[in-house]
Amino acid sequence: MTSSARPFLNRRLTEFGTTIFAEMSALAVTTGSINLGQGFPDTDGPEEVREAAVRALRDGRGNQYPPGPGVPELRAAIAAHQERRYGLAYDPDTEVLVTAGATEAIAAALLALLEPGDEVVALEPYYDSYAACIAMAGGRRVPVTLRPSEGGFRLDLDELRDAVTDRTRLLLINTPHNPTGTVLTREELRAIAELAVERDLLVVTDEVYEHLVFDEAEHVPLATFPGMRERTVTIGSAGKTFSFTGWKVGWVTAAPGLVTAVRSAKQFLTYVASGPFQYAAAEALRLPDAYFTAFRDDLRAKRDLLGAGLADAGFTVFRPAGTYFVTTDIRPLGESDGFAFCRALPERAGVVAIPNAVFYDHKEAGAPYVRFAFCKRVEVLADATERLHKAFAR
């Protein structure tokens, strides 16, 4: 039998190989390095939430297929959370959809809402699944680059406006932003909302880090602005907020027509997932405000610990206003290629990080930047900073 000369992989996906996260996590294992690359905590979330999952398993809730839109208890909890935190009222039966994590929510939204050839304006650098999902939907991504400014990264609103054409169907917004840690201001979000209304655009907004904002930053959902509720698909997740990333419980909130569209695509992806964990996520969303405050304060302290250690080792550190990632510039270390730097870092310092260039279409714009995750135990972060100091400090 002769093999076909035709490539096996769909041409839309040929630019996407094995993710950098898989590559760097494998390096961490083979070298025994501290993994500050992939964004997952190294401790579990609240004990009462974990016990809620165990209780659901024992009680036989969710051990079979849950309802397609998600269990009613979780949909009600999501709606209550959105109203309590942001004043956004959603009908849990028609305006909330539970997904297999935020990644599926993004995929389902883009597959549902895009026609081949539609343009999607996204903030660069962006989480790697954005590009792949736009490609799978047959869309064309149009990056608008966040650029270094005053110790962080900022959006150029004029560049955003110029990126919108008659072919633009959708804006893909991420705030708090991974990987830069940027939290879009109320004024920036208002300008984005006005642009979306003026040009009659749909918006998918990834807000999975909504509870991880620091210092003076505030998270304001885009759907709260005039004219936006009916055109915005908001994506949330239990994984980042409650430190149970392996449970893969995400959700969409949107107007009924948008939820119906997203559900039409989602039902042919996983169909349903995470049955018992949906009940636990419902209980997690009902935790008192004290939990969310303590969680944020803990991550802020870890941000400061890692940031100070990186600066001491010679990196330029961009102080994140949200998420649990810190971006650094390696040029003060005499380096300029983030890929080469990160591939050598495990042997050189016993630490794993991620090159930001993987999140860029314009690779040269991200070349000197490297991302570290600080969602780890204090002793792990202290060990990592000590290793980096020994390797680089002069």
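Reply: A polar contact is a pair of N or O atoms within 3.5 Å; within protein, one must be able to donate a hydrogen and the other to accept it. Keep in mind that this is a predicted model. Here, the side chain of S274 reaches the backbone oxygen of K248 at 3.0 Å.

Me: Where does S274 lie?

Reply: S274 is in the loop between α9 (256–266) and α10 (275–285). Setting aside neighbours within four places in sequence, the residues in contact with S274 are W247, K248 and V249.

Me: Is S274 buried or exposed?

Reply: Buried means under 20% relative accessible area. S274 has 17% relative accessibility, so S274 counts as buried.

Me: Now a helix. Which residues of α12 are buried?

Reply: Helix α12 covers residues 338–349, and its buried residues are G338, F341, C342, L345, P346 and A349. Seen down the axis of α12, these fall within an arc of 135 degrees, so they line one face of the helix.

Me: What is found at the start of α12, and what just after α12?

Reply: At the start, a side-chain oxygen of D337 comes to within 3.0 Å of the backbone nitrogen of F339. Just after the helix, G350 has a positive phi of about 75 degrees.

Me: C342 is among the buried residues of α12. How many disulfides does the structure hold?

Reply: A disulfide is a pair of cysteine sulfur atoms within 2.5 Å. The structure holds zero disulfides. For C342, the closest cysteine sulfur is in C375, 16 Å away, which is too far for a bond. C342 is buried, with a relative accessible area of 1%, and C375 also counts as buried, at 5% relative accessibility.

Me: Next, aromatic rings. How many aromatic pairs are there?

Reply: Rings of Phe, Tyr and Trp pair if their centres lie within 6.5 Å. By this rule there are 21 aromatic pairs. One of them joins Y127 and Y130, which are edge-to-face, with 6.2 Å centre to centre and 80 degrees between the planes. Y127 counts as partly exposed at 25% relative accessibility, whereas Y130 counts as buried at 1%.

Me: Why is the pair of Y291 and F295 stacked?

Reply: Planes under 30 degrees apart count as stacked. The planes of Y291 and F295 are at 10 degrees and the ring centres are 5.8 Å apart, so the pair is stacked. Both residues lie in helix α11 (residues 289–313), four residues apart, about one turn of the helix. Y291 and F295 are both buried.

Me: Which residues do ring pairs link into a cluster with Y291 and F295?

Reply: F242 and F292 are linked with Y291 and F295 by ring pairs.

Me: Last, charges over rings. Which charged end sits over the ring of F292?

Reply: A charge sits over a ring if NZ of Lys or CZ of Arg is within 6 Å of the ring centre and within 35 degrees of the ring normal. For F292, the charged end is that of R85, 5.2 Å from the ring centre. In another case, the charged end of R61 sits over the ring of Y279, 4.5 Å from its centre.

How values were computed. Residues are numbered from 1 along each chain as its sequence is written. This is a predicted model: local features need pLDDT of at least 70, side-chain atom pairs count only at pLDDT 80 or more; totals for chains, interfaces and linings use all residues. Side-chain values use heavy atoms; hydrogens and water are left out. Helices (H or I, at least four residues) and strands (E, at least two) are DSSP runs, numbered from the N terminus. Buried means under 20% relative accessible area, exposed over 50%, partly exposed in between (1.4 Å probe, protein chains only). Contact means heavy atoms within 4.5 Å. The arc is that of the directions from the helix axis to the C-beta atoms. Rings of Phe, Tyr and Trp (its six-membered ring) pair if their centres lie within 6.5 Å; planes under 30 degrees apart count as stacked, over 60 as edge-to-face and the rest as tilted.
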